[in-house]
Amino acid sequence: WWSGRRKPLVFYTFQNIHKNYPPPFANIERYCVQRCAGWLGCGDLVRQTMLGRGCGYAQKPHRVIPLGVDVNHFCPDPLAAKKVRESLGFENGGPPVIGFVGRFVQEKGLRTLMNVLDHPGCSSLRAMFVGGGPMDNELRQWARRHGERGKIGTGVVHDQVPAYLNAIDVLCAPSQTTARWREQFGRMLVEAMACGTAVIASDSGEIPHVVGDAGIIVGERDEAGWINAIAELSQSPARRKELAQRGIERARTHYAWPVVARMHLEFFDELLSSRSRTSE
């Protein structure tokens with residue numbers, strides 16, 4: 001309504017699970033789809049979900065355009081990594097640091113990660129959980145049981161995240177699909193890749209599409225697979241370096257903000273060209 005009937009309108013959606021809306025929300029959705037000039041989805045699963053909803057989504061121009069990352073801010077920084085490790089009491093040159101960055105909630109797979117890190121094959125590794133949320137106390141109890149091996153970083157603002165990602169050797173994203181949620185994108189994945197941090201992630205939602213060949217994908221419920229993947233990377237600096245280089249390249253070619261901005265502009269230009277031809 002506010003945009004005006006003659007103005008082309010595009011909306012962006014993250015919805016990757018089919019949901020039935022009660023009135024009046026179903027009517028609002030149909031109105032928005034009919035009104036728009038086109039729509040954008042943040043990932044392939046979003047596109048598939050929207051095209052299966054009806055309401056006219058398939059008849060409207062659409063594109064998949066991911067979230068972006070500032071590769072000038074999120075980039076390899078060994079000095080920042082050293083400072084963060086020292087601030088947490090981690091000695092430089094010790095065992096690899098396995099890390100998580102994000103919301104401390106059950107669907108992010110934190111219990112899976114804690115179980116995996118308790119396994120004898122991973123028990124010598126250090127762990128860093130950065131974020132906040134309902135599972136904060138549970139994570140702190142886990143960290144206390146592991147002494148200097150486990151660290152919790154809370155109150156970390158977004159500008160500080162690159163330093164923490166640099167201090168992590170292997171970022172883990174063990175997201176777990178539920179009846180009402182599956183991973184829509186995983187911003188920490190592209191941020192970690194841009195920093196040159198090796199990535200292991202679950203196959204929940206959009207994650208495999210985001211990571212591509214720049215990380216290791218493990219089944220959501222496959223704890224043995226997680227143990228093996230973490231053990232593999234922790235024991236192989238060369239493999240971590242290989243994935244780090246792939247991640248940096250993927251972040252710069254797929255997710256850097258200039259790349260994402262160009263994708264938007266190309267789509268907008270197509271819509272405007274189409275409207276011009278229609279009005280002639």
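The model is a predicted one. The largest pocket holds about 330 Å³ of space, and the second largest pocket has a volume of about 280 Å³. Helix α7 is mostly covered, and Arg 250, in helix α10, is buried without a salt bridge.

**The largest pocket**

- The lining of the largest pocket is made up of 20 residues.
- Nearest the centre of this pocket lie Ala 81, Asn 166, Ile 168, Asp 169 and Gly 196.
- At least two lining residues come from each of α3 (78-88), α6 (161-166) and α10 (237-255).
- Helix α10 provides the largest share of this lining, with five residues.
- By class, nine of the lining residues are nonpolar, five are polar and six are charged.

**The second largest pocket**

- The second largest pocket is lined by 19 residues.
- Those nearest its centre are Val 101, Gly 102, Arg 103, Arg 187 and Met 188.
- Two or more residues of this lining are given by each of β4 (97-103), β5 (126-132) and α7 (187-194).
- This lining divides into nine nonpolar, five polar and five charged residues.

- Seven of the eight residues of α7 are buried.
- The buried residues are Met 188, Leu 189, Val 190, Glu 191, Ala 192, Met 193 and Ala 194.
- The elements that cover these buried residues include the strands β4, β7 (170-173) and β8 (198-202).
- The helices α6, α8 (207-211) and α10 are also among the elements covering them.

**Arg 250, a buried charged residue**

- Arg 250 is located in helix α10.
- The nearest side chain of opposite charge to Arg 250 belongs to Asp 213, which is 4.9 Å away.
- Apart from neighbours within four places in sequence, Arg 250 is in contact with Met 193, His 209, Val 210, Val 211, Gly 212, Ala 214 and Tyr 255.
- Among these contacts, Met 193 is itself a buried residue of α7.

**Asp 159, an exposed loop residue**

- Asp 159 is placed in the loop between β6 (150-153) and α6.
- Asp 159 counts as exposed because its relative accessibility is 61%, and exposed means over 50%.
- Asp 159 and Arg 144 are 15 residues apart in sequence, and their C-alpha atoms are 27 Å apart in space.

Definitions and conventions:
Residues are numbered from 1 along each chain as its sequence is written. This is a predicted model: local features need pLDDT of at least 70, side-chain atom pairs count only at pLDDT 80 or more; totals for chains, interfaces and linings use all residues. Side-chain values use heavy atoms; hydrogens and water are left out. On a 1 Å grid over the protein atoms alone, a cavity is a set of points where a 1.4 Å probe fits but cannot get out, and a pocket is an open set with protein on both sides within 12 Å along at least five of seven lines; lining residues have an atom within 4 Å of a point. Grid points are joined across faces, edges and corners, and a volume is the space filled by probe spheres set on the points. Helices (H or I, at least four residues) and strands (E, at least two) are DSSP runs, numbered from the N terminus. Ala, Val, Leu, Ile, Met, Phe, Trp, Tyr, Cys and Pro count as nonpolar, Asp, Glu, Lys and Arg as charged, and the others, Gly among them, as polar. Buried means under 20% relative accessible area, exposed over 50%, partly exposed in between (1.4 Å probe, protein chains only). Lys and Arg count as positive and Asp and Glu as negative; His and the chain ends are not counted. A salt bridge is a side-chain nitrogen of Lys or Arg within 4 Å of a carboxyl oxygen of Asp or Glu. Contact means heavy atoms within 4.5 Å.
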